[in-house]
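Here is a note for a colleague who is opening this model. Please keep the sequence and the 3D view at hand while reading.

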Amino acid sequence: MSSGSAPAVQEPDLATTPPSLVALFLAFARMSLAGFGGVLVFARRAIVEQHRWMTADEFNETFALCHFLPGPNIVNLSMVFGSRLRGIAGGVAAFAGLLLPPTLIMTALAIAYARFGDLEVLRRILAGISCAAVGLLIAVVFRMMMPLLKRADPFAVILMLGVFLAIGVLRLPLQAVLLIAIPISIGLTYFLRRKVAA
Amino acid sequence: MTGHSPIWSLISTFGLMSLFAVGGAAAAVPEMHRIAVEVNHWMTDKQFADAYAIAQLSPGPNVLIVTLIGYAVAGVPGALAATLAMCLPTALLAYYVSRLLNRPSQSRWPGLIQAALVPLSIGLMAASALILAQSTDRSIAALLLTAMVAVMASVSRVNPLWLLLAGGVLGFAGIV
């Protein structure tokens with residue numbers, strides 16, 4: 001909500017100078033440490049609203065790119081985003097800021113788990129957290145599945161079920177399943193879109 | 001098993017896996033479970049479920065479950081090697097692709113590929129949920145807790161951290 005007087009130029013209201021490498025590192029470290037259960041929300045808030053390093057559209061475009069590439073999306077985003085502002089050094093600074101602090105925390109937790117993981121009380125707490133974590137994952141899957149089911153797109157649903165069965169039930173290797181499923185899905189999407197366009 | 005050092009097998013395993021992790025970290029969980037528990041016996045089923053819970057509860061990207069797997073295999077060097085192997089290759093790939101596609105909106109291929117990958121990554125995440133549920137939900141109470149959290153997170157906008165902490169409290173109380 002920008003209720004102030006409209007700026008004379010059409011330029012989006014972005015920060016004028018690109019941030020320093022240290023600023024990039026610190027900004028990504030902060031959003032990473034704030035991001036319990038996912039960093040994306042915090043990344044968007046910091047990059048678009050707080051620092052104004054990107055417009056909302058630029059952010060969506062960058063995220064879409066990182067989403068269709070393999071690997072952890074937010075990690076990809078840090079590298080692409082940092083490099084757009086400050087070249088490869090900026091990419092590395094954002095990448096390091098995103099990963100270094102939580103990796104250190106996680107390593108400390110791993111050491112603690114190796115020492116105390118067998119304690120009865122910790123076992124019980126972790127069991128409860130695990131149950132809740134699975135519930136959260138189910139909720140995410142459900143939310144993502146809804147548009148697919150609403151469109152009643154039979155091919156997408158069959159592909160989804162096929163991957164679920166192959167990986168979740170038959171426990172086949174990921175590479176083998178995807179090397180078959182990805183070409184099928186891209187081919188089907190391509191022909192369906194052409195049919196719609198024709 | 002080959003005679004390679006565990007660090008190298010961590011790097012090759014996660015480096016390769018990351019290139020196939022369409023849909024992010026949650027989609028790669030079944031493959032992590034298959035490799036770490038079933039193929040290499042790096043961890044037990046229970047330890048894997050614990051690692052997933054710790055990664056969810058901790059700050060930072062959820063992909064850092066690989067840090068815990070790496071630590072279980074080869075201590076601190078293993079933790080760092082696994083993290084970098086899982087994160088760096090695809091980040092560099094993203095960097096090069098973003099330079100190639102400076103104007104992604106001009107081509108329809110990114111949109112088409114993205115649309116094609118959506119059902120696959122949902123299927124992968126559903127498989128993650130199934131595999132994790134099989135190792136954690138071993139009692140009726142545990143199953144109920146999972147179901148309740150799933151419903152609450154679906155219908156409300158409550159911060160997931162509270163639901164995780166509530167699970168921890170119920171576990172502490174010995175209910176699950």
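1. How many Å separate the centres of domain 1 of chain A and domain 3 of chain A, taken over C-alpha atoms? The two centres are 30 Å apart. Domain 1 covers residues 21–116, domain 2 covers 117–149 and domain 3 covers 153–198 of chain A. These bounds come from an automatic or database domain assignment.

2. A word on the ground rules. This is a predicted model, in which local features need pLDDT of at least 70, side-chain atom pairs count only at pLDDT 80 or more, and totals for chains, interfaces and linings use all residues. Residues are numbered from 1 along each chain as its sequence is written, and chains are lettered from A and ligands numbered from 1 in the order in which they are written.

3. Confidence comes next. The model has an ipTM of 0.85 and a pTM of 0.83. For chain B the mean pLDDT (the predictor's confidence in each residue, from 0 to 100) is 89. In that chain, 94% of residues reach 70 or more. Where pLDDT is low, predicted coordinates should not be read in detail.

4. Chain B has seven helices and zero strands. Helices (H or I, at least four residues) and strands (E, at least two) are DSSP runs, numbered from the N terminus. The C-alpha atoms of chain B fill a box of roughly 55 × 45 × 25 Å along the principal axes.

5. Now the contact between the chains. Chain A gives 83 residues and chain B gives 87; contact means C-beta atoms, placed from the backbone, within 7 Å. On the side of chain A that touches chain B, α5(A) supplies the largest share, 24 residues. That side of chain A holds 57 nonpolar, 21 polar and five charged residues. Here Ala, Val, Leu, Ile, Met, Phe, Trp, Tyr, Cys and Pro count as nonpolar, Asp, Glu, Lys and Arg as charged, and the others, Gly among them, as polar.

6. Look at α5(A) against α7(B), residues 160–172. Their axes lie 7 Å apart, at an angle of about 140°. Axes are lines fitted to C-alpha atoms, for helices over the stretch in contact, and angles run from 0 to 180 degrees between N-to-C directions. The crossing is right-handed: the near helix is turned clockwise from the far one, whereas left-handed means anticlockwise by less than a right angle. Residues that meet here include A:Val121, A:Arg124 and A:Leu136 from α5(A), with B:Pro160, B:Leu163 and B:Phe172 from α7(B). This contact has 15 nonpolar, four polar and one charged residue.

7. Within chain B, α1(B) (residues 6–19) packs on α4(B) (residues 65–100) at about 35°, with axes 8 Å apart. This crossing is right-handed. Among the contributors are B:Pro6, B:Phe14 and B:Leu19 of α1(B), and B:Val66, B:Pro77 and B:Thr90 of α4(B). The contact counts 15 nonpolar, five polar and no charged residues.

8. Last, the record. UniProt (unreviewed entry) places "transmembrane region" on chain B at residues 6–30, 51–73, 79–97, 109–133 and 139–155. Such annotations may be inferred rather than shown by experiment; feature names are shortened, and positions use the numbering used here. Residues 79–97 of chain B are 100% helix, with end C-alpha atoms 28 Å apart. Residues 51–73 of chain B are 70% helix, with ends 13 Å apart by C-alpha.

Note on methods. Two residues are in contact if their C-beta atoms, placed from the backbone, lie within 7 Å.
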